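Biologist: I am new to this structure and would like to learn how to read it. Could you walk me through some features, one at a time?

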Amino acid sequence: MGLLRCFSSLGCPEMGLEEACALAAKYGLPTIELRSLGSTVDLAGYFAGAFGTPEKLASWLQGQSVRVVALNASLKLVGATEADKAQLVGLAPWAEAMGVRWLRVFDGGKTMDAAEIAQARATLDWWQGMRKQHGWRCEVMIETHDSLFTAEALQRFLSALPEATVLWDAHHTWRKGGEDPLLTWLAVRGRVAHVHVKDSVPVPSARHPFTYVLPGDGGFPVGPLLATLDREGFSGPVSLEWEKLWHPYLPSLGEALRVARDRSWW
């Protein structure tokens with residue numbers, strides 16, 4: 001397949017950037033998205049401690065075979081806190097130096113009704129004001145995490161916010177939204193920059209009414225989805241989001257990558 005494969009460092013939270021890039025290179029993955037490094041989700045703090053300045057980090061990355069495609073923040077469009085806004089603003093200079101286009105934020109909310117869409121609009125307007133003030137090129141992409149599971153909710157949201165770009169968590173569409181991802185894809189395909197995939201079984205875990213499992217051990221319909229993305233020429237990353245930071249029971253990311261490769265799962 002010609003898809004651009006990737007993984008999230010959420011799956012190897014204890015690793016530093018050098019180790020995470022080496023893991024991606026080991027499995028032939030050209031890109032990585034960053035959520036946790038050095039056992040923290042404070043990426044700006046990690047970068048400052050490990051590299052000193054954005055320019056030094058950018059210089060180091062120039063010698064790597066793996067490209068960073070996203071920095072993942074905690075901010076939610078609905079219910080944005082001042083602390084999370086500050087975290088997002090703190091990531092922007094690093095993204096600019098690294099040439100990273102996308103900063104990931106969450107949707108937030110529960111229903112994404114008119115009132116919640118208005119909150120989302122206000123947060124996006126705040127961000128665009130910050131971009132203009134600082135001359136930043138990096139943009140936000142909105143992960144379908146809290147309320148944007150279904151095609152109906154996504155269409156309503158994207159119609160109201162025509163400038164919004166989505167990071168589509170296809171597993172959440174399938175497991176939480178109860179939809180065939182191929183049907184949801186028809187509703188969002190023109191607005192998606194990045195896709196998350198993972199697998200699960202309908203057995204309760206500590207945090208969810210389902211349990212994440214190794215790729216191929218669950219029922220997520222990854223084959224038809226990837227075939228569709230490939231056939232339609234999707235050019236964004238298709239990323240294995242191995243949530244080991246939040247679910248310590250999971251095997252290592254290295255094991256998940258090996259299994260996914262050996263099973264031709266992704």
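Predicted model: local features only at pLDDT ≥ 70, side-chain atom pairs only at ≥ 80, totals over all residues.

Biologist: Let us begin with E143. In which strand is E143 found?

Modeller: Helices (H or I, at least four residues) and strands (E, at least two) are DSSP runs, numbered from the N terminus. E143 belongs to strand β5, which covers residues 139-143.

Biologist: Is E143 buried or exposed?

Modeller: Buried means under 20% relative accessible area, exposed over 50%, and partly exposed in between (1.4 Å probe, protein chains only). E143 has 1% relative accessibility, so E143 counts as buried.

Biologist: Which side chain is joined to that of E143 by a polar contact?

Modeller: A polar contact is a pair of N or O atoms within 3.5 Å; within protein, one must be able to donate a hydrogen and the other to accept it, and residues adjacent in sequence count only if both atoms are side-chain atoms. Here the side chains of E143 and R104 are joined at 2.5 Å. Contact in general means heavy atoms within 4.5 Å. Leaving out residues up to four places away in sequence, E143 touches R104, V105, F106, D107, L167, D169, H196 and E241.

Biologist: E241 is in that list. Where is E241 placed?

Modeller: E241 sits in the loop between β10 (237-240) and α10 (253-262). E241 has a relative accessible area of 6% and is buried. Among the residues E241 touches, again not counting those up to four places away in sequence, are S8, L10, E143, D169 and H196.

Biologist: How many aromatic pairs does a search of the whole structure find?

Modeller: Rings of Phe, Tyr and Trp (its six-membered ring) pair if their centres lie within 6.5 Å; planes under 30 degrees apart count as stacked, over 60 as edge-to-face and the rest as tilted. The search of the whole structure finds nine such pairs. One of them joins Y46 and F47: the ring centres are 6.0 Å apart and the planes lie at 65°, so this pair is edge-to-face. Both Y46 and F47 are buried.

Biologist: Why is the pair of F47 and W94 tilted?

Modeller: The planes of F47 and W94 are at 45°, with centres 5.4 Å apart, so the pair is tilted. Since F47 lies in helix α2 (residues 43-51) and W94 in helix α4 (residues 82-98), the pair ties together parts that are 47 residues apart in sequence. F47 and W94 are both buried, and ring pairs link Y46, F47 and W94 into a cluster.

Biologist: Which ring does the charged end of R5 sit over?

Modeller: A charge sits over a ring if NZ of Lys or CZ of Arg is within 6 Å of the ring centre and within 35 degrees of the ring normal. The charged end of R5 is over the ring of W266, 5.0 Å from its centre. K85 lies over the face of W126, also at 5.0 Å from the ring centre.

Biologist: At roughly what angle do α4 and α5 cross?

Modeller: Axes are lines fitted to C-alpha atoms, for helices over the stretch in contact, and angles run from 0 to 180 degrees between N-to-C directions. The axes of α4 and helix α5 (residues 114-134) come within 12 Å and cross at roughly 30°. The contact is made by K85, L88, V89 and A92 of α4 and W126, W127 and M130 of α5.

Biologist: Last, which residues have a positive phi without being glycine?

Modeller: M112, which is not a glycine, has a positive phi of about 50°, and S264 has a positive phi near 50°. M112 is in the loop between β4 (102-108) and α5, and its 0% relative accessibility means that M112 counts as buried. S264 is found in the segment after α10, and at 65% relative accessibility S264 counts as exposed.

Methods:
Residues numbered from 1 in each chain as written. Heavy atoms only, no water.
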